Amino acid sequence: MEDFNKADQVATGTLEHYWMPFTANRQFKQSPRLLAQAEGMYYKDVNGRPVLDGTAGLWCCNAGHGRKAISEAVSKQIHEMDYAPSFQMGHPLAFELAERLAAIAPKEINKVFFTNSGSESVDTALKIALNYHRARGEATRTRFIGRELGYHGVGFGGISVGGIGGNRRTFSQQLLQGVDHLPHTLDIQQNAFCKGLPETGAEKAEVLEQLVALHGAENIAAVIVEPMSGSAGVILPPQGYLKRLREITRKYGILLIFDEVITGFGRVGDAFASQRWGVTPDMITTAKALNNGTIPMGAVLIDDAIYDASMDAPEGAIELYHGYTYSGHPVAAAAAIATLDIYQQEQLFERTKSLEGYFEKAVHSLKGLPNLIDIRNTGLVAGIQFSPSDKGIGKRGFGIFETCFKNGTLVRATADTIALSPPLIVDETQIDQMVNTLSDAITTVG
């Protein structure tokens, strides 16, 4: 502990110029937590102290850290061609990666638009939805339906359809006006300590019928939800809920977008949650684990019918006035292809399913510890929720997070919920270490 504090003090002088995202900057800079290396399941801090990664970085590093095949692919590509423009030009890797993604996506989702982040993927999907309806002569369809407690990145579009109050409050006067929200699906009273998807709550999807009656189907472009809400604290869809959303959206010609920036690439046991839970949307937004978090990259996976409708334009005309300087960046694409190879060769999606039962039993062993009010899990992700302390909302959760880090395990705190989402290469011993460290921290913080 003495060396840890010493390193913090030495580093403090170098921290003043960086305004950190989603961070209490003044608090952090008084007692910084600095990571310096990563390999396999472990980070090392600036003192060389190992820290077990219980969060896959930030839901990103599903194949673990320091994967040589990815770094070699990046090195090779950056030497061959560091950058290629994506407007009116192309390069082979972007097309190869799009083909690879189509191969693992749900049937009929065969087109890919590349972005640089989950936020950009969401805003792109919203624009594609508007473009699709306009191309079909239904330009009045401009309204979006999001969901309470949803997180869809930090673009103005994503914040607008998102449903986390703290993210919206500062920018509320500048958000998209034509947006409404479904109720969230978290029901601790009915579903506390449920293992897997909750059995009750599917009826909350019926609110969509009410919103259609209120706004008119002819005015609604798309519904966007996370199959599992990650950033709000691992909120699971009740059994039958996603299927009912699909039925209602299809009934009224409304597009359904699944934000799978967190659930994509094996987190819940299949390439995408839509496959694990048997519901195919019209678009899927991705990022994070697409290339194991190595280089910023995202993608929107799109149903053929949406693409085909947009192609009904005069020869030579641009079909979608949208894109990014770094769309399909060759180095990021090389990293993604190498990542997909690892997922396939090591069968990491299947590994999630094989470990799911052990992981579930381990996290639910925490039940009964002080102030713990719920445990939620699916695949290799769990949310452990606590009652707020007398000091305020989030104080208990942050205290547990901080104590876990000091004791050698990285977890994620969202208010008073701790999320575990380890890399898919995790083994049973490491799961035990995470849960034991978390148990000690819960008892210590109280």
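In which strand does Ala222 lie? Ala222 belongs to strand β7, residues 220-225. The views below come from a predicted model, where local features need pLDDT of at least 70, side-chain atom pairs count only at pLDDT 80 or more, and totals for chains, interfaces and linings use all residues. Residues are numbered from 1 along each chain as its sequence is written, and side-chain values use heavy atoms, with hydrogens and water left out.

**View 1. Ala222 in strand β7.** Strands (E, at least two residues) and helices (H or I, at least four) are DSSP runs, numbered from the N terminus. Ala222 counts as buried because its relative accessibility is 1%; buried means under 20% relative accessible area, with a 1.4 Å probe and protein chains only. Beyond its neighbours within four places in sequence, Ala222 contacts residues including Ala129, Phe144 and Ile254 (contact: heavy atoms within 4.5 Å).

**View 2. Thr263 in the loop between β8 (255-259) and α12 (273-276).** Thr263 is buried, at 1% relative accessibility. Its side chain makes a polar contact with the side chain of Glu260, at 2.8 Å. A polar contact is a pair of N or O atoms within 3.5 Å; within protein, one must be able to donate a hydrogen and the other to accept it, and residues adjacent in sequence count only if both atoms are side-chain atoms.

**View 3. An open sheet of 4 strands.** The order is β1-β2-β3-β13, with mixed pairing. Two strands pair if DSSP finds at least two bridges between them. Strands β2 (residues 42-45) and β3 (residues 50-53) run antiparallel, joined by 3 bridges. Tyr43 has Val51 in β3 as its bridge partner.

Note on methods: Buried < 20%, exposed > 50% of the residue type's maximum accessible area, 1.4 Å probe, protein only.
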